[in-house]
Amino acid sequence: MSDRSYYIAGNWKMHKTRAEAAELAKALVAELKDGKHKYLVAPTFTSLETVGPVVKGTNIRLGAQNMAAEEQGAHTGEVSVLQLKDLGVQTVILGHSERRHIYGEDDALINKKVRLALRHGLEVILCIGELLEEREAGRAEAVCETQTVKGLEGVSAGELSNVVIAYEPVWAIGTGKTATPEDADAIHAWVRKVIGKLYGADCAEKIIIQYGGSVKAENAAQLMAKENIDGALVGGAALKPDTFAPIAKFG
Ligand code: PEP
């Protein structure tokens with residue numbers, strides 16, 4: 001890869017009590033203290049207040065897995081950007097495939113969240129990725145292009161420096177099936193080209209594009225050796241220090 005730095009993020013999804021989350025965070029702080037890459041953990045909302053002080057001042061950022069599209073108001077069950085910032089959250093994952101496909105979030109809603117998060121100074125990890133049937137129909141590039149273009153509508157070139165894209169083919173998430181490094185790199189290159197068309201070559205060169213989908217210690221280095229793969233968004237393997245640390249410390 002170029003002079004982009006690697007960024008390894010752990011999405012803990014709907015796992016762990018506060019005590020378990022604190023234990024994992026403490027172990028990762030110790031394991032990664034000499035790590036050379038950029039790191040993030042994204043616990044469940046209920047564990048953010050517990051994990052925040054554990055990672056504060058370390059090389060691990062605090063991330064949330066989602067947020068509301070509105071700043072505040074009558075939105076029962078939602079969590080706002082102001083509340084996340086109050087907890088010290090620095091980054092928010094938006095458009096995860098589980099949000100898109102289980103909870104019906106569409107590109108317009110995700111875009112609203114992206115713009116709101118950026119307006120409040122949060123870093124955004126915007127997830128994109130095709131379903132298996134879309135890949136089999138030869139539509140992977142088109143789907144990823146649409147999700148990127150629509151997800152970033154109204155985002156300025158200045159704001160883009162606070163955006164990370166995570167390419168997560170839906171068929172590879174939590175399934176044990178990983179995209180080959182070549183297939184993943186081809187989509188990353190395509191998305192980088194899309195960013196180039198929208199924002200120019202300099203932004204395209206700089207944007208971090210993570211890969212996600214059954215990343216493990218055994219495949220992390222091969223994936224990240226590819227020119228356009230700048231890190232990983234890790235689900236299952238992020239839940240234990242023994243499986244996350246070797247990915248985070250690759251290279
Ligand atoms: C994810 O949900 O972002 C993910 C990549 O999960 P897994 O690593 O378990 O496939």
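Hi everyone, let me start at the ligand: the residues of the shell around it divide into four nonpolar, eight polar and two charged.

A word on the ground rules. This is a predicted model, where local features need pLDDT of at least 70 and side-chain atom pairs count only at pLDDT 80 or more, while totals for chains, interfaces and linings use all residues. Residues are numbered from 1 along each chain as its sequence is written, and side-chain values use heavy atoms, with hydrogens and water left out.

Back to the ligand. There are 14 residues surrounding it, and the closest are K13, H96, E168, G174 and S214; a residue is near a molecule or strand if one of its heavy atoms lies within 4 Å of it. Which part of K13 reaches the ligand's oxygen atom? An N or O atom in the K13 side chain, at 2.5 Å. With G174 the backbone is involved: one of its N or O atoms there lies 2.6 Å from an oxygen atom of the ligand. On its own the ligand has 290 Å² of accessible area, and the protein covers 96% of that. Accessible areas come from the Shrake-Rupley method with a 1.4 Å probe, and for residues only the protein chains shown count as cover.

Now to the strands. Helices (H or I, at least four residues) and strands (E, at least two) are DSSP runs, numbered from the N terminus. Is strand 1, residues 7–11, buried or exposed? Five of its five residues are buried, so strand 1 is largely enclosed by the rest of the structure. Buried here means under 20% relative accessible area, exposed means over 50%, and partly exposed is in between (1.4 Å probe, protein chains only). Both faces of strand 1 are covered, with Y7, A9 and N11 on one side and I8 and G10 on the other.

What does strand 1 pair with? Two strands pair if DSSP finds at least two bridges between them. Strand 1 runs parallel to strand 2 over five bridges, and I8 has Y39 as its bridge partner there. Strand 1 is also joined to strand 8 by four bridges, again running parallel, and A9 has L233 as its partner in strand 8.

Next, strand 2, residues 38–42, where four of the five residues are buried. A42 is found in this strand and is buried, with a relative accessible area of 0%. Strand 2 pairs in the parallel sense with strand 3, residues 60–64, over three bridges, and V41 stands opposite L62 in strand 3. From strand 2 the chain crosses through helix 2 (residues 45–55) to strand 3, and this β-α-β crossover is right-handed. That term means that, with the strands pointing away from the viewer, the path from the first strand over the helix to the second runs clockwise. Strand 1, helix 1 (residues 18–31) and strand 2 make a right-handed β-α-β unit too.

Strand 6 (residues 163–167) pairs with strand 7 in the parallel sense over three bridges, and A166 has Q210 as its bridge partner. Two bridges join strand 7 to strand 8 (residues 231–234), and these run parallel, with Y211 opposite A232. The chain passes from strand 7 through helix 11 (residues 217–224) to strand 8 in a right-handed β-α-β crossover.

E105 is buried, with a relative accessible area of 7%. Which side chains does the E105 side chain contact? One is R99, in a polar contact of 3.0 Å, and another is K113, at 2.9 Å. A polar contact is a pair of N or O atoms within 3.5 Å; within protein, one must be able to donate a hydrogen and the other to accept it, and residues adjacent in sequence count only if both atoms are side-chain atoms.

Conventions. Nonpolar A, V, L, I, M, F, W, Y, C, P; charged D, E, K, R; others polar.
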